[in-house]
Each structure stands twice: as structure tokens, then as C-alpha cells.
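Subject: Structure handover

Hello,

I am passing this structure on to you. Please look it over first, then read the notes below.

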Amino acid sequence: MYSLSWLILFLPMAGFLTLSWSGKRFPKLTGGWFASAMVGGAFLVTLLMLAQLYAESPADRLNHVQTLYPWVVSEGFSLNLSILIDPLSVFMLLVVTGVGFLIHVYSIGYMHHDKEFTRFFAYLNLFIFSMSLLVLAADFFFLIVGWALVGLASYLLIGFWTDRKTAVLAARKAFVMNVIGDVGMVIAAFMIFEHFGTLNYVEVFKAAPTAFFPNDDNVLLITLLLLVGAFAKSAQLPLHTWLPDAMEGPTPVSALIHAATMVTAGVYLVARCNALYMMAPFTMYLIASVGVITAIFAGSVGMVQYDIKRVIAYSTMSQIGFMFLAVGVGVFSIGMFHLMTHAFFKALLFLAAGSVIHGMSDEQDIRKMGGLRYAMPVTFITFLIGSLALAGFPLTAGFFSKEEIVMSAYSAQYGNIVFWGLAIIAVGMTGFYTFRLFFYTFMGQSRTPEAHPHESPSVMTVPLMVLAALSLVGGLLGPWVHDFLSPVFGGATLGHHDDTMMEIVAVAAALGGIITAVAIYMTGKDQLAFAKQMLAPIYEALYNKYYVDEIYDFLIVKPVKGIGKFLEERAEKQGIDFSVDQVGKQVREVSRGISIWQSGKVRIYALNMVAGMVTILLFVIFL
Amino acid sequence: MGAEFVLFVSAAVFSIGALGFVVRKNPLVMFMSVELMLNAVNFLLVGYSNFLNSLDGQIFALIIMTVAAAEVVVGLAIILTIFRTRHELDADHIDVLKG
């Protein structure tokens with residue numbers, strides 16, 4: 001049955017090729033359903049793989065490698081296109097294809113006005129293919145191929161509306177930031193090959209524990225370079241600036257790529273390479289620190305933004321920060337658990353936000369919304385469920401996963417009280433910005449009376465309801481997730497967290513954030529005007545995202561542009577161009593002198609010949 | 001008739017041909033000068049063939065005559081075409097390949 005696994009890659013690829021070749025000849029909505037069917041098919045095959053894994057004992061579930069095609073075969077190095085089926089890849093694929101399928105269906109409703117409907121679905125299928133390749137790769141080479149391809153799909157989809165300048169610029173920014181990460185990954189792959197002589201996961205991870213000392217320079221360098229890729233893809237500090245801008249893309253793209261799947265690839269990478277990371281405690285501390293700092297950083301920025309999608313984007317960064325905190329302190333399966341619940345509720349929030357934007361005729365500013373609970377009841381309820389899950393309200397999906405993260409931040413192998421305290425702050429912020437957004441959007445009275453919001457069609461609301469159900473009960477999957485994934489993370493322990501006091505504090509922080517937001521924004525109005533004035537400098541810094549974009553602009557973009565301008569004028573115009581021109585001029589001068597001899601007159605040529613002949617004769621005779 | 005005589009006549013005819021080719025401007029006359037030069041060589045070849053008791057020189061002379069005949073056909077055709085297009089024949093005016 002594992003031999004069917006190639007279908008997971010084949011179906012979305014076939015969808016992409018069919019849609020892009022047939023193009024606009026494809027009947028409009030059929031194209032969307034076709035693409036969805038391809039992803040749905042991949043989901044079913046993944047379920048089959050899951051069933052197959054369950055037929056075996058936990059210890060046998062690892063390392064099922066399917067070689068599809070021997071690509072490079074040579075002495076000392078060979079490269080096969082092969083697929084690795086194990087609990088971790090199947091788990092990721094369930095999220096990718098499952099949530100991906102729902103978002104495909106939703107997009108049929110969301111994009112049906114768009115002229116380039118088919119192209120959109122072709123790109124979505126390309127993304128699912130790339131992400132599946134990333135997850136299924138059995139070696140670092142195809143991991144990087146998939147890694148770059150999801151970057152490409154992300155670029156194409158962020159810049160989908162090519163007539164919007166901001167979208168094109170955002171796409172370019174995302175691509176450049178991701179390439180920074182790709183470079184790190186490629187160098188890491190070289191180093192891995194140097195040390196292990198192979199890029200194959202199974203062999204590398206088997207050899208890793210004996211190949212290095214803990215905190216060995218080499219393993220530190222490899223893990224840190226891999227981490228550059230992970231941080232760039234997952235929008236962690238300091239490579240995060242592309243993610244908020246990526247919200248220029250269509251909303252289903254934000255839900256699929258920039259919330260549920262692609263941006264969590266960094267977490268997957270660390271979890272996949274846990275054998276390497278367990279050898280590098282220093283890197284683990286770094287991951288946890290960056291994760292928790294990003295969680296606070298993004299959460300604080302999210303508290304003051306007014307664009308509905310940007311708030312959710314910052315919240316995504318913040319939640320991925322939690323995931324990195326979890327894998328950083330050594331509880332990989334809790335990180336993956338949060339990845340799953342986050343995929344549910346964040347996809348839900350994005351899709352519900354898309355429904356709001358759709359209903360408000362492309363309005364994204366929450367100051368112009370308000371009172372939408374009457375006009376859009378389904379969206380209202382599902383958004384509320386998503387918000388509760390995100391904020392970690394007890395018994396929702398987000399509650400279980402985030403609670404486990406906060407507790408392990410203290411009790412896990414690399415945890416300490418500082419991580420715990422910072423995580424608590426971030427949890428409080430999450431509750432606050434989530435419900436600020438919720439009240440702004442749905443409560444109070446409409447702030448733009450001329451708008452006539454309407455509920456979205458059922459092709460959009462049904463995926464919302466499915467995701468809402470998963471966001472409510474997904475938390476119950478926690479024990480299953482840990483049990484299922486435990487063979488992959490053999491060396492890592494979950495740590496015990498039975499400190500009731502700390503749990504109470506964590507729940508209180510979440511509820512505190514929610515209650516603060518309720519107190520301030522319940523009426524749908526901003527009652528913080530006086531506070532904003534008192535804390536004006538802080539507020540300004542938050543509103544401008546800590547000026548990170550401006551700092552990068554000043555430190556990197558402007559100097560690079562300056563160097564480029566200098567080189568253009570000095571090196572290019574006065575150096576290269578000048579010398580090439582001079583060579584040409586000199587050659588022309590010389591040839592002008594020589595060309596006198598080519599008079600075109602036959603008699604002169606004959607005379608020259610005779611003169612030459614005579615000269616040679618004279619030489620022969622007299623010398 | 002000694003070898004010196006053959007050499008002298010041949011050199012004289014060749015020089016006349018060469019001089020004619022360089023001095024005259026009419027392509028037809030220049031063409032005839034070329035024939036002079038060729039025949040000077042022929043004369044030398046036949047003469048020495050006789051002195052050396054070998055047929056090689058005569059065979060060469062025959063080959064040169066054949067080639068000269070073929071060359072005349074081509075050359076005259078070219079001159080004729082030039083005259084048809086330019087309505088004049090002056091070797092100094094035909095200098096389109098001037099560098």
C-alpha cells in the first residue's frame with residue numbers, strides 16, 4: 001500500500017499541469033472543483049497511508065522509503081527521488097492536504113468573480129504539490145527542492161493580482177527573504193554531505209548521535225544554517241518582515257500558505273531534524289528564545305493594527321513563535337500538535353476574515369466594519385470559535401496545545417522560568433488582540449452605513465463550519481498526536497507538568513487578555529483614546545511595527561542601492577564601458593591606416609604583386 | 001636555339017605581359033596581357049621539355065592551355081556583365097571593394 005504514496009505528489013502536479021495547459025478553455029467553476037478533487041484525492045491517499053501505518057507496531061512505523069526514480073547514480077554519491085513515509089510526514093500531510101482541500105473548496109466561492117480563476121487554482125495545486133514534496137522528501141536535496149518550490153508558489157500567489165503594485169512588491173519581498181533562508185539551507189546540506197557522505201535522512205539521523213559531541217562546532221553550524229532557512233520560511237525574527245506584506249495576496253492564499261502550511265515548514269524542519277538538534281543544546285536555546293521573543297514581538301504589534309488580515313498575520317507569527325518555543329525546549333510533538341490546531345483555527349480565522357472582506361466588497365480596515373453579527377451570522381459564529389481557539393479559551397483546540405507549550409516552557413528538558421514568564425505574557429497578548437479584532441469587526445453598530453454586507457455562499461461557509469468544528473474538538477486529539485509521533489522523536493521526552501498553580505496562571509493570562517479586550521472594545525468603539533495619548537511613543541512604535549522595515553531599509557536596502565548606484569556610474573560607465581569603447585576606437589584607428597592598401601584597384605594589386613616578386617627574386621639572387 | 005635563348009624570350013614576353021597588365025586600363029587588354037604571361041611560361045615549359053628529354057613540361061603546357069581557355073570564358077563573361085551594368089570599361093573605376 002505504501003507503493004501508492006506517489007499519488008500524493010502526482011495528483012496535485014497533474015492538476016497543476018492540466019489547469020495551466022488548458023488555461024481558460026477549462027469551464028470556469030469546473031476548474032476549481034477539478035483542482036479541489038485532486039487535493040481531496042491526495043488527502044484520501046494520505047488517509048490510506050495513515051491506516052497502513054496503524055496496521056504496524058509503533059516501532060515499525062519508521063523509515064518506509066519508496067524510491068520512485070534513481071536520479072543521480074555515481075561513485076560515492078547517489079540521489080534518488082524517494083518518498084519517506086513515517087508518522088511525522090503523514091501527520092504533516094494530513095494537515096496540508098486536509099486543510100488544503102477545505103481551502104480549495106472555499107476558494108471556488110471566494111474567487112468566482114476573478115477573471116483568472118483557473119490560473120489561481122493551477123497555482124494552488126502547484127503549492128500543494130511543492131508542500132507535499134517538502135514533507136515527503138527522504139533526503140535533504142529534495143527537501144530543498146520542495147522548500148524552494150513552495151517559495152515560488154508563495155511568490156506567484158502573493159503577486160497573483162499582477163495589476164496591484166503593492167502585491168507585486170510584497171511578492172518580491174517575500175521571495176528575497178526566503179532566498180536568504182534557502183542559501184543557509186543549501187550550505188547546511190553541503191556540510192551534512194561533507195560529514196556524513198550522504199544526504200539521506202535515515203542514514204544521517206542514524207549517524208548523528210555518534211558523529212558529533214554535544215555542542216560540537218560542526219553540528220552547531222549545521223543546525224544554525226538550517227535554522228536560517230526555518231526562520232525565513234516561518235517568519236521569525238529577524239526575517240519576519242515579509243509575512244505581514246504577504247497579506248496582499250488573495251485571502252485563501254493567506255489562509256493556506258501564510259497560516260496553515262508553508263510558514264509552519266520551519267517547525268517541521270526542526271522536528272524532522274530532531275536527531276541533529278538534540279546534539280546542539282545551544283541551538284535549542286536559541287530556537288526557544290527567538291520563538292518566544294517573536295511571540296511577544298508579533299503579539300504586541302498585532303494589538304494596534306487596523307487591517308483585519310494584518311492582525312491575523314501578526315498573530316500567525318506569534319503562534320509560530322509558540323511552536324518554535326515548543327520544539328526549542330525539546331517537546332517536538334507538542335510543537336507539532338500546536339501546528340495542527342493552529343492550522344485549524346488560523347485557517348478558519350483567515351477564511352472567515354475572507355468572508356468578511358468578500359461581504360464588505362474588499363474592505364479590510366476594521367475601523368470601517370462593526371455590527372456584522374447580524375448580516376453574517378455563520379461567519380460571526382465561526383469567527384468567534386476561531387478567536388476563542390486562538391486565544392486559548394478553555395476546552396477549545398488552542399487551549400490544549402498552548403497550555404502544553406506554556407507548561408513545557410518551564411518543565412521540559414531545555415525549559416526554564418524565563419521562557420514560561422514570557423510565554424504567559426504572549427498568551428495574554430493573544431487573548432487581547434484576538435478579541436479586539438473580533439469586537440471591532442462584529443460588535444457594536446456598523447461604522448459605514450452605506451455598506452451592505454451579505455453572508456457568503458455555502459461553498460464558502462461549509463468549509464468554515466468544518467474548520468470551526470475542528471477548532472472546537474481538535475484539542476482532544478492531543479494524546480493521539482503525542483502517541484502517534486513518539487517513535488519519530490525517540491530521544492525526546494515530554495516532561496511532566498502537573499503544577500496546578502502554573503496552569504491556573506496560564507489560563508488566567510488567556511482569560512485576562514480576553515476580558516481586557518471585552519472591557520475596552522465591547523461596544524465596538526475604541527475606549528483607549530486617552531491611553532493612546534499617554535503612551536503615544538510606545539503606541540507609535542507598535543503601530544509602525546517597531547520600525548523594523550525602516551531599519552532594514554536604512555541598514556541594508558539604502559546602502560545596497562547606494563553601492564549599486566556608485567558602481568553603475570563609476571565602475572560601469574567610467575570603467576567597463578570606457579575601456580571597451582577605447583579598445584574599439586583604437587582598433588578602428590589602426591585599421592583605417594591599414595585600409596589604404598585596399599584600394600580596390602586591380603592594377604595596384606598587380607603592381608604590388610610584381611614588386612613583391614621582384615623583391616623576393618632580388619633576395620634569392622643576391623643574398 | 002640554346003637554353004639561354006628560350007629563357008630570354010620567355011622572360012621578355014612575361015615582362016611585357018606584366019607591364020601591360022599594370023599599365024593598361026582596359027580590362028580586355030589587361031586580359032590579353034595575362035595570356036601573354038601564361039604563354040611565356042608555356043614556352044619555357046615546352047623548351048625545357050625538349051632540352052631535358054622529358055614529356056612532363058609538355059603535359060604541363062597542355063594543362064595550362066586548357067585552364068587558360070576556361071579562364072578566358074569566365075573572365076570574358078565577367079567583363080561583359082560589367083560593361084552591361086556600368087556602360088564603360090575602365091579598370092580603375094571598378095573599385096567597389098575599396099576598404
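**The loop in chain B and its helices**

B:Asn53 sits in the loop between α2 and α3 of chain B; helices here are DSSP runs of H or I with at least four residues, strands are runs of E with at least two, and both are numbered from the N terminus. Before going further, note that this is a predicted model, in which local features need pLDDT of at least 70, side-chain atom pairs count only at pLDDT 80 or more, and totals for chains, interfaces and linings use all residues. Residues are numbered from 1 along each chain as its sequence is written, while chains are lettered from A and ligands numbered from 1 in the order in which they are written.

The phi of B:Asn53 is positive, about 55°, although the residue is not a glycine. Most residues other than glycine have a negative phi, and most peptide bonds are trans. B:Asn53 counts as exposed, with 6 C-beta neighbours inside 10 Å. The cut-offs are these: a residue is buried if 20 or more other C-beta atoms lie within 10 Å of its own, exposed if 12 or fewer, and partly exposed in between, with C-beta atoms placed from the backbone.

Helix α2 (residues 27-52) and helix α3 (residues 56-86) of chain B pack with their axes 8 Å apart, at an angle of about 175°. α2(B) is therefore roughly antiparallel to α3(B). Axes are lines fitted to C-alpha atoms, for helices over the stretch in contact, and angles run from 0 to 180 degrees between N-to-C directions. Angles under 35 degrees count as roughly parallel, over 145 as roughly antiparallel, 65 to 115 as roughly perpendicular and the rest as oblique.

Residues of α2(B) that meet α3(B) include B:Phe31, B:Leu38 and B:Leu45, and among those they meet in α3(B) are B:Phe60, B:Ile64 and B:Ile79. By class, this contact of α2(B) with α3(B) has 14 nonpolar, five polar and two charged residues. Ala, Val, Leu, Ile, Met, Phe, Trp, Tyr, Cys and Pro count as nonpolar, Asp, Glu, Lys and Arg as charged, and the others, Gly among them, as polar. Two residues are in contact if their C-beta atoms lie within 7 Å.

B:Asp56 belongs to helix α3 of chain B and is exposed, with 11 other C-beta atoms within 10 Å. From B:Asp56 to B:Val46, ten residues apart in sequence, the C-alpha distance is 9.0 Å. B:Phe5, in helix α1 (residues 3-23) of chain B, is also exposed, with 10 C-beta neighbours inside 10 Å. The C-alpha atoms of B:Phe5 and B:Ser15, ten residues apart along the chain, are separated by 15 Å.

**Chain A**

Chain A has 26 helices and two strands, and its C-alpha trace spans about 120 × 65 × 55 Å along the principal axes. Of its 623 residues, 51% count as buried.

Which residues touch the most other members of the largest nonpolar core? In that core of 208 residues they are A:Phe127, A:Leu325, A:Ala347, A:Leu348, A:Leu351, A:Phe419 and A:Ala423. Helix α15 (residues 332-359) of chain A gives the most to this core, with 17 residues. A nonpolar core is a set of buried Ala, Val, Leu, Ile, Met, Phe, Trp, Tyr and Cys residues joined through C-beta atoms within 7 Å. Beyond its neighbours within four places in sequence, A:Ala423 is in contact with A:Val292, A:Leu325, A:Ile405, A:Val406 and A:Ala409.

Two helices of chain A may be set side by side. In α4(A), 19 of the 20 residues are buried. In α26(A) the number buried is zero of 21, so α26(A) lies largely in the open.

The loop between α8 and α9 of chain A holds A:Ala235, whose phi is near 55°, a positive value in a residue other than glycine. A:Ala235 is buried, with 28 other C-beta atoms within 10 Å. A:Pro238 lies in the loop between α8 and α9 of chain A, and the peptide bond from A:Leu237 to A:Pro238 is cis, with omega near 0°.

**Between the chains**

Ten residues of chain A are in contact with ten residues of chain B. The side of chain A that touches chain B has four nonpolar, four polar and two charged residues.

Regards
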